[in-house]
Amino acid sequence: MKMSEVTKISTLTPQVSSRQKIRVLSIDGGGIRGIIPATLLAHLEQKLQDKSGDATVRLSDHFDFIAGTSTGGILASVYLAPDKDNPVKSRYSAKDALDLYLKKGSQIFRTSFLDNLKSYFGLLRYKFRARGINEALKETFGENHFIHQFVKPCLITAYNITKEQSQFFTRCSARNNARKNFRIWEVARATSAAPSFFRPARLLSEYGECHTMIDGGVIANNPSLCAYTEVIKSDFSHLRGWNSGDRITADDIIMVSLGTGIKTQPTNCEKLERKGLLGWLKTVTKVRMMGSTDTVQHQVEQIFKSSLRSAGKIFRIDPGIFDADRRMDNASENNINLLHKAGERNADRFDAMLEEIADNLLAERKVAVTSESKFSKAS
């Protein structure tokens, strides 16, 4: 397998700046394949802990903004959920997020042969009952915690059927408007409500308005461009060197973008030519998601390449699936194990990049801490 089939990377040489870089994490959608980026991020967090000498470090300590779609939205929510005893600190580690998938993946995609027959394997009604995913999310996030409590700024995608428009959940809007503040577990449910898999999610805002939403993958399976758009209009005056109203460009950003696994075998075109409407349904869905993901990544990379000072960085990892089933809903014990093994193989394959990412994140963290220390002494 050629490396170009597995990863796309764009790294640009930074220049000295008085401003702290804004560190952004973006995670694609992909159902149970979220195990793969979850594994990679557990390895990244371990590197951050080892390099900093602090075993309590969380991913959110080294990212200033986290975005996610569908399964990536669930992961983002786990990384951002506050600790009940220390609300500015993440409750869960990256390993905890991985364990959620390994231990509760089969609960989320719970079905029976009888259910499959009744739904005609998802063609006549939703393939999976909502009870399994609802219970898993409530157990993880609790029932009364809202996204305004997230420990860092964020963007999580969904599509609002009620309003017939894209829905972007952000901490900023949730803090400023009760109509845009929703319970964490319901946001995680909405971003992952994949059509045909689960019934649409119904959310009740803090203001009391009811909305019906579906999976964010229908609008942005790769949320990195949405994340970039949100970041450049946000206020990061809490970071070193930034003031309210300062203009943000790609030069000011370090972005880490993760996929959920790419297919390494070509599609059988002869079989596709013989397929009818039903046969094309799944293929069209895959083409739409992968085509959208690649297009967005190309656009984001071009933004960074065309930046004036070439001071920003974007790291993109498109991991391989290897022996695992690429279907987003195959949460059998065997496939969960294969996806975890694929994650570990990708962690080895991209170890050098994970090292570079960790070094870049830590460098910005150290500069920020040094600056804060000097400011405290001066004041």
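Two strands count as paired if DSSP finds at least two bridges between them. Helices (H or I, at least four residues) and strands (E, at least two) are DSSP runs, numbered from the N terminus.

## About the model

This is a predicted model, in which local features need pLDDT of at least 70 and side-chain atom pairs count only at pLDDT 80 or more, while totals for chains, interfaces and linings use all residues. Residues are numbered from 1 along each chain as its sequence is written, and side-chain values use heavy atoms, with hydrogens and water left out.

## Strand β3 and its neighbours

Let's start with β3 (154–160). With six of its seven residues buried (under 20% relative accessible area, where exposed is over 50% and partly exposed is in between, for a 1.4 Å probe and protein chains only), β3 is largely enclosed by the rest of the structure. Strand β2 (residues 65–69) runs parallel to β3, and four bridges join the two. Here Thr69 has Thr157 in β3 as its bridge partner.

Two antiparallel pairings involve β3 as well. Five bridges link β3 to β4, and in that pairing Ala158 stands opposite Gln167 of β4. These strands form a hairpin with four residues between them, and Glu164 in the turn has a positive phi of about 55°. Strand β6 (residues 210–215) pairs with β3 over three bridges, in the antiparallel sense, and Ile214 in β6 is the bridge partner of Tyr159.

## The second largest pocket

Rolling a probe the size of a water molecule over the atoms shows where empty space is left. On a 1 Å grid over the protein atoms alone, a cavity is a set of points where a 1.4 Å probe fits but cannot get out; a pocket is an open set with protein on both sides within 12 Å along at least five of seven lines, and lining residues have an atom within 4 Å of a point. Grid points are joined across faces, edges and corners, and a volume is the space filled by probe spheres set on the points.

The second largest pocket has a volume of about 400 Å³. It is lined by 21 residues, and the closest to its centre are Gln167, Phe168, Thr170, Ser173 and Lys180. Two or more lining residues come from each of β3 (154–160), β4 (165–169), α6 (171–176) and α9 (224–231), with β4 giving the largest share, five residues. The lining has six nonpolar, nine polar and six charged residues, where Ala, Val, Leu, Ile, Met, Phe, Trp, Tyr, Cys and Pro count as nonpolar, Asp, Glu, Lys and Arg as charged, and the others, Gly among them, as polar.

## Enclosed cavities

The count comes to two cavities of 30 Å³ or more.

## Cysteines and a buried serine

There are zero disulfides, a disulfide being a pair of cysteine sulfur atoms within 2.5 Å. Cys172 is in none, and its nearest cysteine sulfur, that of Cys154, is 9.8 Å away. Cys172 counts as partly exposed because its relative accessibility is 49%; Cys210, at 48%, is also partly exposed.

Ser257 sits in strand β7 (residues 253–258) and counts as buried because its relative accessibility is 0%. Its side chain joins that of Arg316 in a polar contact of 2.7 Å. Such a contact is a pair of N or O atoms within 3.5 Å; within protein, one must be able to donate a hydrogen and the other to accept it, and residues adjacent in sequence count only if both atoms are side-chain atoms.
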